[in-house]
Amino acid sequence: MNNSAATTTTTTTYNRKKIKLPPVDTVNKIANTNGVSGFEPSFLKWTVHDVLNVATRHWLPCLFALGLLFFMGVEYTLNMIPASSPPFDLGFVATKRLHQLLSSSPELNTLLAALNTVFVGMQTAYIMWTWLIEGRPRATISALFMFTCRGILGYSTQLPVPEGFLGSGVDFPVGNVSFFLFFSGHVAGSVIASLDMRRMERWELAWTFDVLNVLQAVRLLGTRGHYTIDLAAGLGAGFLFDSLAGKYEASKRKEAIATAKEAFM
């Protein structure tokens, strides 16, 4: 005798309740947020403690804010330099005595120019060493980016040679050839090399390059080989193009990883 098992299927029906939401009072909502729908302005929540905290913990941006106000006042009340007059350069004013010394001593000017050319050679040798010997191309890529951009900008705006320029046949570029004023490749190249040294924790060498770069900038101002803005832009360019070279390397690494994954799959 076979026993059969009966299977009973039970179906449970759930009744969904309709929930009615209250209407949104748009008028009151906008009124409570001072006319800005969806949020309350952050500064309305500030307390005296918050303001004091900004001044104590974030003093550097506060200092920049004061600098903004100060230079707005300077800029809007400054007497513009007429087209018939030479540019005003604060670096030239600060190095007036050095310029007089170099003007009266051509031998000293030639010696300092030769030493500066040696320093440029040191920059070039280090940057090429990192690529050809150590296999790290970032500094070289950065220098290529920098000098290409310098060439474009230097040709686009060709500034007049500063009054009182003291040239030398041994200064880089050697041979009293023409050169772009904006921006300083001397300074930018030194910064690129110094940043690479810091990445490799070659601290003493990096500090040596920084000191030599400062002395180089003082000499360039004293010989009227560059305006102050050329040197400042060169400093910023060194940091900028080193960062861009790092981003370029990172993008190429990502492409290589993605290509390897596709080949593996």
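## Close-up views of a predicted model

UniProt, in an unreviewed entry, places the feature "transmembrane region" at residues 59–78, 111–132, 139–157 and 177–195; its positions are given in the numbering used here, feature names are shortened, and annotations may be inferred rather than shown by experiment. Residues are numbered from 1 along each chain as its sequence is written. The model is predicted, so local features need pLDDT of at least 70 and side-chain atom pairs count only at pLDDT 80 or more, while totals for chains, interfaces and linings use all residues; side-chain values use heavy atoms, without hydrogens and water.

**View 1. Two of the annotated spans.** Residues 111–132 are 100% helix and 0% strand, with end C-alpha atoms 31 Å apart. Residues 139–157 are 95% helix and 0% strand, and their end C-alpha atoms lie 27 Å apart. Helices (H or I, at least four residues) and strands (E, at least two) are DSSP runs, numbered from the N terminus.

**View 2. The pair H7 and H8.** The axes of these helices come within 10 Å and cross at roughly 160°. That makes H7 roughly antiparallel to H8. Axes are lines fitted to C-alpha atoms, for helices over the stretch in contact, and angles run from 0 to 180 degrees between N-to-C directions; angles over 145 degrees count as roughly antiparallel.

**View 3. The loops on either side of H8.** In the loop between H7 and H8 lies Pro173, and the peptide bond from Phe172 to Pro173 is cis, with omega near 0°. Phe183 is also in the loop between H7 and H8; a cis peptide bond with omega of about -5° joins Phe182 and Phe183. Glu201, in the loop between H8 and helix H9 (203–222), has a positive phi of about 60° although it is not a glycine.

**View 4. The largest pocket.** Its volume is about 530 Å³. Of its 28 lining residues, Val120, Phe147, Phe172, Pro173 and His186 are the closest to its centre. Helix H6 (106–132), helix H7 (138–156) and helix H8 (185–199) each supply at least two residues of the lining. On a 1 Å grid over the protein atoms alone, a pocket is an open set of points where a 1.4 Å probe fits, with protein on both sides within 12 Å along at least five of seven lines; lining residues have an atom within 4 Å of a point. Grid points are joined across faces, edges and corners, and a volume is the space filled by probe spheres set on the points.

How values were computed. Parallel < 35°, antiparallel > 145°, perpendicular 65-115°, else oblique.
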